[in-house]
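Good morning, colleagues. Please take a moment with the sequence and the structure on the screen before I go through the fold.

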Amino acid sequence: MVDFAYVIAGSEATGGAGIQVDLKTFQELGVYGVGTTTCIVSFDPKNGWAHRFVPVEPDVIADQIEAATATHDLDVVKVGMLGTPATIDVVADALAARQWRHVVVDPVLICKGQEPGAALDTDTALREKVIPLATVVTPNLFEAQILSGMDEITSVDDLAEAARRIADLGPKYVIAKGGVELPGDDAVDVLFDGSDVTVLAAPKVGSERVSGAGCTLAAAITAELAKGAEIGEAVAFAKEFTTAGINGRVSGHTPFDTVWQGAFVDALEA
């Protein structure tokens, strides 16, 4: 029997983030990936690798969702970058129109190719219309600070408090990711289940963020949930899978490295 995982997210042209990472992660973890593209982000190598952001028309997004959900019995979905309030409206309506076993929301709040005002509108719409539908939401440190309304997050205790506050927006579980940005030797994330906080730690791999880590973590959680895992075990495995991908990261001509989703299997076979 084939397990299916669905992703609604943006395309990132270098292959290091977005729907490309999601589908690679699904494939590595043995689930059949189905994807709907919400926007196209392409770095500009002639302009310091700045973001270029192009939204997909809402009607086209709706058409993709209609085709995907009519073709397969999809009940586990990851939501990544949406990009505009109009896109959020379409996706929120589609999510609300059917029953989902799990909805994993990786809340990409701001794309650097957007104007600040448009980004704020997107943040507000995401908070109000999509996050309340989530089984699991996976903000990074910046996103956790914005969504929680906290002035700063400088410790694991702060991160846990942020997760508690974000849970008030409606998701059943919150995974707040400290990554390399909190002090200490470990990359620390916290899982809040509505009552208890679980701390997940792994030794830091360098001191710089690696592109695609957040996408990989959320996609790995999605894949494991699609296969029937419980939330806690899905999150713990995804942390291990992502850490392996950071260790096996890929370098290119960009000023940042990217996660290699095949590194976990490579390590097992070594």
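Leaving aside its neighbours within four places in sequence, Leu-147 is in contact with Pro-107, Leu-109, Arg-127, Ile-131, Pro-139, Ile-166 and Leu-169. Please bear in mind that this is a predicted model. Leu-147 belongs to helix H5, which covers residues 141–148. Its relative accessibility is 4%, and therefore, with the limit for burial set at under 20%, Leu-147 counts as buried. Ala-163 is 16 residues apart from Leu-147 along the chain, and the C-alpha atoms of the two are separated by 9.2 Å.

Let me turn to the sheet. In what order do the strands lie? The order is S3-S2-S1-S4-S5-S6-S7-S8-S9, an open sheet of 9 strands with mixed pairing. Strand S3, residues 50–55, and strand S9, residues 197–203, stand at the edges; each has a single partner strand, so one side of each is left without a neighbour in the sheet. Helix H2, residues 58–71, packs on the sheet and touches S1 and S2. The direction of H2 makes about 155° with that of S2.

Strand S1, residues 4–12, pairs with strand S2, residues 32–44, in the parallel sense over 8 bridges. Within this pairing, Ile-8 stands opposite Thr-36 in S2, and Val-7 has Gly-35 of S2 as its bridge partner. S2 and S3, by contrast, run antiparallel and are joined by 6 bridges. Here Ser-42 stands opposite Arg-52 in S3. S2 and S3 form a hairpin with 5 residues between them. In the turn of that hairpin, Gly-48 has a positive phi of about 65°.

Next, the nonpolar interior. In soluble globular proteins, nonpolar side chains tend to be buried together. In this model, the largest nonpolar core has 42 residues, of which Tyr-6, Val-79 and Val-130 touch the most other members. Which helix gives the most to this core? Helix H3, residues 85–96, does so, with 6 residues. There is also a second, separate core of 30 residues, which includes Ala-5, Leu-217, Ala-220 and Ala-244.

Is Asp-22 buried or exposed? Asp-22 has a relative accessible area of 0%, and is therefore buried. What does its side chain meet in a polar contact? The partner is the side chain of Lys-78, at 2.5 Å. Leaving aside neighbours within four places in sequence, the contacts of Asp-22 are Val-7, Ala-9, Lys-78, Cys-215 and Ala-219. Val-7, one of these contacts, is the residue whose bridge partner in S2 is Gly-35.

Cys-215, another contact of Asp-22, leads me to the cysteines. How many disulfides does the structure hold? The number is 0. Cys-39 has 0% relative accessibility and so counts as buried. Cys-215 is in no disulfide; its nearest cysteine sulfur, that of Cys-39, is 11 Å away. A disulfide would require the two sulfur atoms to lie within 2.5 Å. With a relative accessible area of 15%, Cys-215 is buried as well.

That concludes my presentation; I thank you for your attention.

Terms used
Residues are numbered from 1 along each chain as its sequence is written. This is a predicted model: local features need pLDDT of at least 70, side-chain atom pairs count only at pLDDT 80 or more; totals for chains, interfaces and linings use all residues. Side-chain values use heavy atoms; hydrogens and water are left out. Buried means under 20% relative accessible area, exposed over 50%, partly exposed in between (1.4 Å probe, protein chains only). A polar contact is a pair of N or O atoms within 3.5 Å; within protein, one must be able to donate a hydrogen and the other to accept it, and residues adjacent in sequence count only if both atoms are side-chain atoms. Contact means heavy atoms within 4.5 Å. Two strands pair if DSSP finds at least two bridges between them. Helices (H or I, at least four residues) and strands (E, at least two) are DSSP runs, numbered from the N terminus. Axes are lines fitted to C-alpha atoms, for helices over the stretch in contact, and angles run from 0 to 180 degrees between N-to-C directions. A nonpolar core is a set of buried Ala, Val, Leu, Ile, Met, Phe, Trp, Tyr and Cys residues joined through side-chain atoms within 4.5 Å.
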